[in-house]
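Please read these points alongside the sequence and the model.

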Amino acid sequence: MSTAPDFRTRLQDWLPKLVLAPSFAVTLLFVYGFIAFTVLLSFTGSKMLPSYNFVGWLNYQKLWALPAWNTAIVNIAIFASLYIIICTAVGLALAIFLDQKIRGEGVLRPIYLYPMALSFIVTGTAWKWFLDPGIGLEKVMHLWGWESFSFTWIKDGDMAIYTIVIAAVWQTSGFVMAMFLAGLRGIDNEILKAAQIDGASNWQLYRRIVIPLLRPAFLSAFVILSHLAIKSYDLVVALTGGGPGRATEMPATFMYSYTFTRNQMGIGASSAVIMLMTIAAIMVPYLYAELKEKK
Amino acid sequence: MAAVTQDTAVSMGRIARVFIYLLLLLFALFYLLPLYVMGINSVKPLAEITGGNMMALPQVWTLDPWRSAWSTAQIGVEPTGLKPYFLNSILMVVPAVAISTIVGALNGYVLTKWRFRGDTWVFGLMLFSCFIPFQIVLIPMAMVLGKLGLAGTVPGLVLVHVVYGIGFTTLYFRNYYAAFPTELVRAAQIDGAGFFQIFWRILLPVSGPIAVVSVIWQFTNIWNDFLFGASFGGTSQPMTVALNNLVQSSTGVKEYNVHFAGAILAALPTLFVYFVAGRYFVRGLMAGSVKG
């Protein structure tokens with residue numbers, strides 16, 4: 001008896017773990033190690049380069065006292081809530097309407113969904129000029145004879161944040177539509193027919209039966225949209241550049257400018273930690289529930 | 001999306017149907033408008049944009065803006081056009097997509113057919129990494145890339161995209177392979193087939209659809225990425241960053257037509273993929289909500 005087959009069997013036992021190990025190691029280092037390092041930096045007085053003089057909670061105190069950060073927080077609250085609500089409403093409405101045996105569904109569906117294939121930079125570029133009063137929508141309306149038409153949101157510090165909502169809804173509402181449509185197509189028609197025989201109106205049917213059955217789709221949409229909203233960086237950069245002034249500052253743009261252009265790495269790190277904690281508060285329970293179900 | 005449209009149980013009146021069609025068409029217009037505006041204004045001379053109507057068809061058709069955007073427009077300080085950046089994006093996207101898809105397939109295989117204690121935790125930790133705000137890793141990533149001598153290079157960007165892409169690709173393949181009968185794998189094992197043999201002979205041949213989903217999703221994501229490109233691109237910036245530099249440049253006359261042509265150039269590869277393989281694109285988006 002030689003030990004060779006023994007070694008082979010043992011190798012076969014270990015092989016799966018060996019194959020998975022590099023990915024897991026990379027994740028531990030580049031994700032969790034990096035998170036730990038950024039958390040560590042957020043407690044240091046790092047400026048342009050990382051330093052290790054610990055300053056306690058000072059960065060967090062400074063952060064919450066900064067007007068720019070407060071603007072960013074107000075903006076993300078406005079943006080995220082409007083974005084999620086409008087996307088869900090538009091997506092649900094389109095899905096329900098498309099589900100009415102619509103002729104040309106095969107043409108309409110890809111039209112609603114194609115913006116999702118674009119980069120936020122492209123979306124931002126397109127909408128930036130479309131909303132520009134000098135060459136875009138306002139000018140077109142004037143040329144078409146509606147002289148009093150005015151749409152200057154993108155130049156208006158109080159309204160510019162809503163232009164980001166418009167562009168973001170344009171980009172992702174079709175995707176939410178696709179999610180709801182898949183949910184609708186998965187509902188058993190017998191339930192609906194039975195309810196109809198019992199004399200339920202269309203409105204009641206949707207309100208009482210269909211929409212409650214779509215709960216998983218609502219949850220998925222909420223999770224994906226909120227995570228997209230908090231990460232939104234490119235769209236702001238391309239559409240308003242954070243302006244006019246600093247009117248459309250968001251946590252993501254704030255983090256970038258404080259860390260890399262203003263050389264306040266400690267404060268930048270602490271803002272990143274806040275962003276992570278917000279997303280984790282939404283994602284961790286969701287992922288936990290999803291993975292537990294699967295077992 | 002269901003391939004077979006079922007009978008809709010709920011039916012509506014005639015007026016309601018007219019209203020629905022109108023609304024659906026209105027939304028189609030809303031989604032198409034920016035593309036239309038970009039398209040027609042990219043083939044107009046600049047004077048027609050600044051002096052005319054954004055919605056009107058060109059009076060003089062010209063491809064000059066496209067030529068300019070591709071090869072002569074000022075990007076940053078160099079009048080190179082977008083061509084070199086397009087190339088950067090391709091050089092970055094192809095290896096990043098290939099590596100992350102292959103690694104994801106192997107991971108999914110191990111996580112479903114060679115389960116071990118704690119495998120759900122391993123997967124959970126990898127999965128969460130898809131959803132972190134990347135701001136949290138920007139600073140250490142910049143330091144590590146610097147140390148490795150990869151800062152500002154295409155290989156550096158490939159590394160970044162592979163590292164933060166394997167969570168998603170693993171998710172795709174794991175959910176897909178979970179539905180594949182494990183008995184077949186066990187039977188092959190009893191017949192003496194090894195780990196890689198089983199993967200190669202039994203699982204890989206049925207992996208076509210999910211591989212397409214993974215490739216499309218990774219391609220779209222990596223091509224469209226801006227944050228990593230802007231942070232770590234250096235002299236090897238991808239297309240999105242170059243487009244932004246072109247559009248935001250504050251010097252000289254704003255050549256809107258060139259900007260539009262550039263934006264369409266940046267969008268073409270992903271749009272092409274979307275229109276050729278839209279069905280898989282939708283599946284990838286759905287799988288992104290964790291449920292396979």
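1. In this predicted model, helix α7 of chain A meets helix α10 of chain A through a defined set of residues. On the α7(A) side these are A:T172, A:V176, A:M179, A:F180 and A:G183. Their partners in α10(A) are A:P216, A:A217, A:S220, A:A221, A:L225 and A:L228. By class, this contact of α7(A) with α10(A) is made of eight nonpolar residues and three polar ones, with no charged residue.

2. The geometry of that pair is as follows. Helix α7 covers residues 160-185 of chain A and helix α10 covers residues 215-231, and their axes come within 9 Å. The axes cross at roughly 160°. An angle over 145 degrees counts as roughly antiparallel, and α7(A) and α10(A) are therefore roughly antiparallel to each other. The handedness of the crossing of α7(A) and α10(A) is right-handed.

3. Along the principal axes, the C-alpha trace of chain A spans about 80 × 60 × 30 Å.

4. Two further totals describe chain A. Of its 295 residues, 43% count as buried. Among contacts in chain A with a separation of 6 or more, 69% are between residues 24 or more positions apart.

5. A:G242 sits in the loop between α11 (234-239) and α12 (251-261) of chain A. Is A:G242 buried or exposed? A residue counts as buried if 20 or more other C-beta atoms lie within 10 Å of its own; A:G242 has 22, so it is buried. Leaving aside residues up to four places away in sequence, A:G242 touches A:V236, A:T248, A:E249 and A:T253. From A:G242 to A:N59 the C-alpha to C-alpha distance is 22 Å, and the two are 183 residues apart in sequence.

6. Two backbone angles deserve a look. Most residues other than glycine have a negative phi. A:K101, which is not a glycine, has a positive phi of about 50°. A:K101 lies in the loop between α3 (67-98) and α4 (105-113) of chain A. With 13 C-beta neighbours inside 10 Å, A:K101 counts as partly exposed.

7. The other angle belongs to A:N263, also a residue other than glycine, where phi is positive and near 55°. A:N263 is placed in the loop between α12 and α13 (265-294) of chain A. A:N263 counts as partly exposed, because it has 13 C-beta neighbours inside 10 Å.

Note on methods
Residues are numbered from 1 along each chain as its sequence is written. Chains are lettered from A and ligands numbered from 1 in the order in which they are written. This is a predicted model: local features need pLDDT of at least 70, side-chain atom pairs count only at pLDDT 80 or more; totals for chains, interfaces and linings use all residues. Axes are lines fitted to C-alpha atoms, for helices over the stretch in contact, and angles run from 0 to 180 degrees between N-to-C directions. Helices (H or I, at least four residues) and strands (E, at least two) are DSSP runs, numbered from the N terminus. Angles under 35 degrees count as roughly parallel, over 145 as roughly antiparallel, 65 to 115 as roughly perpendicular and the rest as oblique. A crossing is left-handed if the near helix is turned anticlockwise from the far one by less than a right angle, and right-handed if clockwise. Two residues are in contact if their C-beta atoms, placed from the backbone, lie within 7 Å. Ala, Val, Leu, Ile, Met, Phe, Trp, Tyr, Cys and Pro count as nonpolar, Asp, Glu, Lys and Arg as charged, and the others, Gly among them, as polar. A residue is buried if 20 or more other C-beta atoms lie within 10 Å of its own, exposed if 12 or fewer, and partly exposed in between; C-beta atoms are placed from the backbone.
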